[in-house]
Amino acid sequence: MNSLATDNATFITTTGLAFTLLMGLLIIVLPRRFALMPVFALMCFMTMGERLMIGGLNFTMIRVLLLFGWTRLLCKKEIRSLRLNRIDILIILWVISSVVLHNVLWQDRKQFQNTLGVAYDALGTYFLFRLLLRGVDDVEHVLKTFVLFIAAVAVSMLAEKLTGRDIFAAFGGVNAITVVRAGVLRCQGPFEHPILAGTFGAVITPLFAFLWLQGNTRKVAALAILSSTTIVLTSGSSGPVLAYVCGILGLCMWPLRKHMRPIRWLIVLSLVIIHLAMKAPVWFVLAKITVFSASDGWHRAFLIDQAIVHFGDWWFCGIKETGSWGSHLDDITNQFIGQGVYGGMLTMILFIAIIVACFSNIGSAVRSLGKKFKEAQILLWSMGAALFAHVITFISVSYFDQNAVNWYLLLAMISTATSSVLSVRRAACIRSPQPQAQLGENSRLAGLSSLEI
């Protein structure tokens with residue numbers, strides 16, 4: 001069954017409904033630190049094919065679970081713990097921009113319902129994570145609990161590689177028979193596309209480096225890294241492999257963390273030189289990058305090229321269709337261009353601003369911590385490496401399945417962890433204007449791992 005087989009129609013199995021309701025009950029009754037486990041379970045073991053259509057509104061099982069999650073937040077008054085920071089505000093502005101401008105373009109009831117779904121997913125998922133994560137210690141706990149779910153997905157995809165059959169097909173939304181392209185099996189597990197399956201493994205890998213560096217969790221970390229690597233390789237897709245390598249490269253930049261500004265400018269200068277030296281624009285380098293023989297980097301480069309050529313068509317509030325740009329360009333395989341097509345230049349800028357704010361917060365938080373808190377610094381750095389892997393992935397794919405949940409989880413972890421650290425730094429500076437180099441020895445920071453905001 002393909003992903004279109006359940007679109008715009010109610011499709012739900014008894015097993016899928018029972019599993020979703022069980023996860024909904026658990027998210028309400030479990031202690032806060034374990035309340036995200038049902039979200040991970042649904043993300044890893046349920047396809048997007050299971051859905052309920054209610055009054056024209058499309059409720060996937062993830063959306064149903066969000067209702068349970070927010071019921072918990074409201075009933076237990078956990079929503080009171082939120083203190084908005086700049087990442088939170090940028091996400092709110094980004095959602096508002098996409099909803100308003102998309103509806104200015106379309107002025108259509110169906111599209112209005114679609115934008116409500118997008119806003120519900122983004123704000124509902126992100127702020128559910130933000131409210132259930134209170135500090136650095138919670139982020140570390142999430143990574144440890146996530147490992148078992150990642151391992152289970154890896155086992156299912158390895159079985160799919162060996163048998164050519166996807167066990168998640170019973171839930172709808174995925175192919176029962178594994179797709180073969182240029183002789184390569186492209187496994188997808190519970191995800192809507194092999195590239196998205198591989199992406200899930202690639203972008204999560206850098207986060208487990210932190211667990212490896214903790215001596216008492218190396219076995220857990222080894223299992224996590226082996227599992228995420230298996231997911232990437234069994235997907236049979238070049239994009240996830242590139243994101244995986246870039247995430248590892250981001251981790252390897254740790255010794256050079258004090259020199260990142262000149263390194264960034266060197267990268268920009270190098271791209272300018274390559275652009276001037278090439279006959280084609282620099283983004284056509286993507287056409288040369290391949291891991292598997294079936295890779296289609298040229299299509300992605302051509303999409304970028306045509307988005308620039310047709311800038312006047314979409315900059316204000318997006319564009320209804322892009323098929324006229326060229327062959328197969330109705331398939332927007334670029335998250336950044338997708339933002340512009342959906343909600344114009346302002347929406348794209350706000351999306352990029354969220355990413356910039358996350359990188360900025362990570363850099364500020366790492367610098368503010370003294371040598372005494374190296375583990376916390378590495379945790380923050382690993383989140384930056386994972387963010388970098390997402391950014392690389394956005395050049396070649398748009399998220400339209402569970403990967404969006406994984407994306408909002410990372411944003412929430414960065415927002416929570418950096419806010420914890422930076423709020424302590426501000427408090428310490430107010431109480432005693434001591435030098436930045438001595439901030440790590442402040443007594444308030446001694447309890448960094450259990451900080452809450």
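Which residues do ring pairs link into a cluster? In this predicted model, the cluster joined by ring pairs consists of Phe40, Phe45, Phe146, Phe149, Phe191 and Phe200. Rings of Phe, Tyr and Trp (its six-membered ring) pair if their centres lie within 6.5 Å, with planes under 30 degrees apart counted as stacked, over 60 as edge-to-face and the rest as tilted. Residues are numbered from 1 along each chain as its sequence is written. Because the model is predicted, local features need pLDDT of at least 70 and side-chain atom pairs count only at pLDDT 80 or more, while totals for chains, interfaces and linings use all residues; side-chain values use heavy atoms, leaving out hydrogens and water.

The structure holds 18 aromatic pairs. One of them, Phe311 with Trp314, is edge-to-face, at 5.1 Å centre to centre and 80° between the planes. Phe311 is partly exposed at 35% relative accessibility, whereas Trp314 is buried at 6% (buried means under 20% relative accessible area, exposed over 50%, partly exposed in between, with a 1.4 Å probe and protein chains only). Phe351 and Phe394 make a tilted pair, since their ring centres are 5.5 Å apart and their planes at 55°. Phe351 counts as buried at 2% relative accessibility, and Phe394 is buried at 0%.

Turning to charges, Arg257 lies over the face of Trp254, 3.8 Å from the ring centre, and Lys320 lies over the face of Trp106 at 5.2 Å. Here, a charge sits over a ring if NZ of Lys or CZ of Arg is within 6 Å of the ring centre and within 35 degrees of the ring normal.
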